[in-house]
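Please read it beside the sequence and the coordinates.

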Amino acid sequence: MRKILIPLAVVGALVLASCGGSSGPAASSCSKTFKVGFVTDIGKLGDKGFNDAGWKGVQDAQADSSLCVQGKFLESKQPTDYTPNIQQFVDQKYDMVVAAGFLLGDDTLKAAKANPSVKFSIVDSADFADPVAPTNFTGLLFKQDQGAFLVGALAALLSKTNHVGGVYGLDVPAVVQFRKGYENGAKYINPSIKVDGVFHPAAANAFADPDWGKARAQDELSGGADVIFAAGGATGNGALLAAKEANKPCIGVDVDQYLTYPDVDPCLVTSALKNISVAVKSIIASAAKGQWPSGGVQTFDIKNGGVGLAPYHDWDSKVSADIKTKLQDIMTKLKDGSLSTGAEGLTKYS
Amino acid sequence: MNQRSRALLAAVLLPVISVIAGFVVAGLAVALSGSDPWQSFYALFQGAFINPRALPETLIATTPYIFLGLGVALGFRAGLFNIGAEGQFYIGALFGVFIGYNLHGLPAIVHILLALLAGILGGFLWAAVPGILKARFGAHEVITTIMLNYVAFALVNFLINNGPMVDKASSAPRTPYIDPAAQLPILASGTRLHAGLLLALLAIPVIWFLLDRTTIGFRIRTVGFSPTAARAAGISVAWTLLATMGISGGLAGIAGADEVLGVSHYMPPSFSTGYGFDAIAVALLARSNPWAILPAAFLFGALSSGSRFMQFQTQVSADVISVVQATVIMFIAAPVLFQWIFRLRRAPAPAIKIASETEGAAL
């Protein structure tokens with residue numbers, strides 16, 4: 001027995017020696033902290049997508065000392081973790097639970113109904129199986145058509161051939177709004193411009209088919225288009241790659257793809273952003289200040305910074321001041337409502 | 001100390017040492033990631049046993065480990081290394097959910113039984129493929145079961161991710177919810193603990209009886225001990241391997257159906273992340289003894305459910321808990337190393353012997 005215990009004791013001592021110095025997030029000078037739990041989907045943190053962006057929103061809220069927010073996350077390893085992860089925060093008397101994305105929609109809605117005193121919010125999900133959402137539940141939605149309208153205008157301003165292209169994922173409302181917004185934006189600058197566009201036909205891998213995306217972008221480029229907008233996950237990434245190889249400007253989507261897809265940095269002018277972190281921080285702030293919105297859905301648009309343009313990065317010097325001014329003008333008009341994208345809330349492409 | 005008690009001591013001591021060693025190494029990993037190992041493991045303990053709903057959640061996680069651990073252990077006893085439990089789990093869940101949401105108006109007991117039987121059938125069929133390949137052609141089951149895992153994942157992904165089994169009313173990729181009649185009853189109100197636990201507990205004596213008290217069990221053990229001797233004794237090695245593989249797959253299949261009927265009530269495309277692989281460790285830790293599957297599965301269930309509160313308290317990555325599990329597996333998989341380190345007398349040889357390809361082909 002001693003021979004067993006000695007090596008264990010040695011390792012145990014090593015563990016003890018390396019202990020200490022753990023620090024948790026603590027709010028300072030707050031009479032009462034507003035506790036926010038963040039539950040990831042199975043992509044977990046580090047996905048450079050929904051989960052990272054949502055958690056950054058919680059951290060941003062925590063960094064704002066006036067809100068007195070204290071946030072913690074739980075990562076889901078499998079879909080059956082969603083409910084117990086949400087329940088963990090409820091059991092620990094959290095004030096609010098934020099769920100990262102539509103995969104958690106059913107479980108979040110169920111928890112919201114069972115716990116009316118806790119606030120629930122979910123990124124990018126509103127079309128639930130159950131249309132009657134309780135008042136403690138808010139879906140965060142984005143006006144993607146506004147960001148698309150801006151990059152459509154930008155594409156038209158950059159085009160020398162008077163012909164631009166777009167490659168899209170599945171024919172679903174969000175993507176329809178991207179496509180129509182882009183086309184209307186281009187035509188707003190130049191009514192006679194030719195705008196190519198194609199939805200992915202198959203359902204199963206519509207957002208995960210880079211070869212198809214690349215081939216379609218090459219079709220459009222060889223047909224005379226000289227700017228490519230890609231909105232379709234990995235499918236879109238293939239289209240961006242085609243533009244990069246053809247030395248034509250390209251435009252990304254959702255996140256600043258300059259940072260997430262460096263392969264196409266040379267062609268990437270900007271990206272049509274959905275600022276998930278802004279939306280998450282905003283809903284937490286509303287809840288912490290006791291200004292919880294009614295209506296079940298909170299929409300994020302260009303006015304509140306929920307959608308917009310990513311930085312130009314390498315293209316900053318190549319996009320003329322004139323173009324920047326024109327885009328600024330469109331942004332102002334979209335904000336004050338004097339200009340409409342004509343694609344808002346669109347569900348079918350026509 | 002006589003020979004027998006020494007062997008028993010080694011059989012109990014080795015797994016216990018493996019688990020402790022796993023925790024020590026994991027403690028180092030936690031410390032390196034900047035957290036306090038004592039605080040972390042205390043939280044793990046609280047999250048597995050003390051907190052509200054902790055114990056029920058641990059038992060919920062234990063349930064699939066029991067079924068899957070029994071399945072893998074049964075394979076081990078016949079000298080089969082079934083690495084395909086994860087795929088069989090998926091197919092069992094797929095069959096179970098299909099019956100679960102397509103039938104309506106049945107009495108609960110009938111609907112549940114049908115769905116569970118469908119799960120068993122799914123796992124059985126999926127495991128029978130490598131069973132036949134092994135028995136007829138001598139194709140090594142390690143290779144074929146691993147490969148069939150990926151076929152199962154891809155099939156499930158195709159069917160549920162926008163395929164024919166997707167719920168068109170939902171924005172998330174998943175099947176429709178199963179009929180309420182197909183849901184396993186909840187054992188304790190206010191928790192998710194479902195009757196599947198009782199089925200799993202029932203499966204332990206059943207598998208023990210099958211292995212130790214029936215002809216088929218005798219054949220399984222004989223083939224596992226020595227296929228050549230079994231053949232000489234007139235046992236059909238091919239049929240025994242096929243039957244073992246099928247039953248092993250059936251146990252994995254019922255685990256999958258049980259998860260659908262008891263926990264999720266629908267099936268998403270990525271249903272499990274490694275229950276079937278963890279089950280290999282459960283079976284190893286239990287040294288393929290059906291009774292010992294219970295504490296081994298309970299340990300893995302506790303690690304899985306306790307990790308939630310551990311992450312809540314320490315905010316370390318969920319992967320750290322995987323380090324505990326992986327280290328435990330590593331220390332079990334290297335018993336020779338341990339026997340050498342601790343100068344233990346050689347324990348009875350575990351019945352893990354992979355029959356060679358030529359043996360299979362010669363049948």
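1. Chain A is divided into domain 1 (34-142 + 277-300) and domain 2 (144-274 + 320-336), with bounds that come from an automatic or database domain assignment. Taken over C-alpha atoms, the centres of these two domains of chain A are separated by 30 Å.

2. This is a predicted model, in which local features need pLDDT of at least 70 and side-chain atom pairs count only at pLDDT 80 or more, while totals for chains, interfaces and linings use all residues. Residues are numbered from 1 along each chain as its sequence is written, chains are lettered from A and ligands numbered from 1 in the order in which they are written, and side-chain values use heavy atoms, with hydrogens and water left out.

3. Buried here means under 20% relative accessible area, exposed over 50%, and partly exposed in between, with a 1.4 Å probe and protein chains only.

4. Leaving aside neighbours within four places in sequence, A:F229 is in contact (heavy atoms within 4.5 Å) with residues including A:V151, A:Y168, A:F178, A:Y182 and A:I251.

5. A:M96 stands opposite A:K119 in β4(A). Strand β3 (residues 96-99) of chain A and β4(A) run parallel and are joined by 4 bridges, and 4 of the 5 residues of strand β4 (residues 119-123) of chain A are buried.

6. A search of the whole structure finds 1 disulfide over all chains, a disulfide being a pair of cysteine sulfur atoms within 2.5 Å. It joins A:C250 to A:C267, with S to S at 2.0 Å, and both cysteines are buried.

7. On confidence, chain B has a mean pLDDT (the predictor's confidence in each residue, from 0 to 100) of 88, and 89% of its residues reach 70 or more. Over residues 347-363 of chain B, however, pLDDT stays under 50. Where pLDDT is low, the predicted coordinates should not be read in detail.

Key:
Helix = DSSP H or I, 4+ residues; strand = E, 2+ residues; numbered from the N terminus. Pairing = 2+ DSSP bridges.
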